[in-house]
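User: I would like to learn how to read a few features of a protein model. Please take them one at a time.

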Amino acid sequence: MSVATSGVALADKANDTLRVAYTKELENVDSYFNSSREGVVMQRAVWDGLIYRDPITNEYKGNLATSWEWIDDKTLELTLREGVTFHNGDAFSADDVVATVNFVAKEENGAKTQRNVNWMESAEKVDDFTVRIKTKEVFPAAIEFLSGPVSIYPAEYYAEVGPSGMGLAPVGTGPYKVVEVVPGQKFVLEKNENYHDSPKGQPSIGRIEIRTIPDVNTQIAELFSGSLDLIWQVPADQAEKLAAMGDQFVVSNESTMRVGYLSMDAAGRSSMDPNPFQDIKVRQAVNYAIDRNAIVDNLLKGESKVVWTPCFPSQFGCDQNVTTYPYDPAKAKELLAEAGYPNGFETPFYAYRDRDYAEAISSYLNAVGIKTDFKMLQYSALRELNMKGDVPLSFQTWGSYSINDASAMVSQFFKHGSLDSTRDDQVLEWLDVADQSNVPETRLEYYTKALTRIADEAYWAPMFSYNTNYVTSPEVDYTPTADEVLRFTTMRWN
């Protein structure tokens, strides 16, 4: 890619407007009805949770709640912050917590990522500023989930407009309020001048304009022309070129909790017949066929690492001492022959992002005889196909909503839910124990059992952790965090 390097415009500091690009279209701004990273960023800006986890220290702090305690194994009592108002002027109280929890906890109401909410049984009001959240089972990760994907909505407004209305005219208590939504194209946020004393910090920049620009080259061109101030998830090669331009741009790289992986239809849910992925030798062959180190070194670069588990190493319970499959294409061919595919086979192969990574994986598979019919889809379309079970092989990623607990990934995909491509009863049994024990040692033991079996059976081919490249105008002061959440409250003008 070649771009002119002269005449770079300054950020829109004069108008106190930060202009940001999203690569993926956000299917719904309502945070319970999308599961994309872009949605997580919007969620943290527009809404608040009851608890906040400091991304640097991992300390839990009160946000919409000021204190909390377990009054029994399955009941958490929280004291709420007084004097908070929603963006539409409604006063925040226990009624909003009760209404939000009781809505999203019901599976029939269709929250996109059930794992984030289905651990809650219900909420009940003790008084105007005290609530109790009851869990279905003992759930030791409750505080972590309440500090992440569980946002509190205004009860009366949400009852009136529902998810579709919330998606078009979002209302929260967060540091930024949404003043314009053009679905699939543009979101405009303005500083909440009445933001409460939240550990997120007070917003500094007055206005945030977010546009959906799927093509990274177009984003970079707009960065040069001065019509964008911040882009992120920039491919490593382009980030390196921008960093080499001296002080024209600020390029930052930070690790993330996101894991890239190959999912295989070990459960035989898809219409592929015969289905090679039900054979462990085929799944092992897929694992041996790919040079993960080469992909990390040549494509991802930065802070990325090879990962062998369906979770991120920092997450509680994510034991890395499992079976690994180093690059061995001869071994892969041998296993395919043993499985009855000496000449390989053909398979659909899906992805929704990072075409260059997916194409590299595809080429490795093709080289050992697994001939891929590569299909690039929108995230929402691939997710729907996955939920129907009609995806034999796919390259996907999961960022765990930045929840630092193994349950946020391994339990999301291996507990017989709509996205589970394996349906292993033994893994389910062990994960149930790990997810529901209040004894840390027991949780570690049973996550290890589950992760060991998943690796031994080669149910997935975990690939690598992600890093994210952020590129900003020199006028923007921003230090990214390792959880892959753009925090507009920590951005300032230089």
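User: Is Ser400 buried or exposed?

Analyst: This is a predicted model, in which local features need pLDDT of at least 70 and side-chain atom pairs count only at pLDDT 80 or more, while totals for chains, interfaces and linings use all residues. Residues are numbered from 1 along each chain as its sequence is written, and side-chain values use heavy atoms, with hydrogens and water left out. Buried means under 20% relative accessible area, exposed over 50%, and partly exposed in between (1.4 Å probe, protein chains only). Ser400 has a relative accessible area of 1%, so Ser400 is buried.

User: Where is Ser400, and what is its phi?

Analyst: Helices (H or I, at least four residues) and strands (E, at least two) are DSSP runs, numbered from the N terminus. Ser400 is in the loop between strand E15 (393–398) and helix H12 (410–413). Its phi is near 60 degrees, a positive value in a residue other than glycine. Ser402 is in the loop between E15 and H12 and also has a phi near 60 degrees. With 4% relative accessibility, Ser402 counts as buried.

User: How is the packing of H7 and H9 described?

Analyst: Two packed helices are described by the angle between their axes and the distance between the axes. Axes are lines fitted to C-alpha atoms, for helices over the stretch in contact, and angles run from 0 to 180 degrees between N-to-C directions. Angles under 35 degrees count as roughly parallel, over 145 as roughly antiparallel, 65 to 115 as roughly perpendicular and the rest as oblique. H7 (residues 280–289) and H9 (residues 329–338) pack at about 165 degrees with axes 8 Å apart, which makes H7 roughly antiparallel to H9.

User: At what angle do H2 and H4 cross?

Analyst: The axes of H2 (residues 94–104) and H4 (residues 155–168) cross at roughly 30 degrees and come within 9 Å. H2 and H4 are therefore roughly parallel to each other. Contact means heavy atoms within 4.5 Å. Asp95, Asp96, Ala99 and Phe103 in H2 meet Ala155, Tyr158 and Pro163 in H4.

User: Which residues have the most contacts inside the largest nonpolar core?

Analyst: A nonpolar core is a set of buried Ala, Val, Leu, Ile, Met, Phe, Trp, Tyr and Cys residues joined through side-chain atoms within 4.5 Å. The largest one has 141 residues, and those with the most contacts inside it are Leu50, Leu189, Leu262, Ile290, Phe395, Leu486 and Phe488. A second, separate core has 13 residues, including Ala21 and Leu223.
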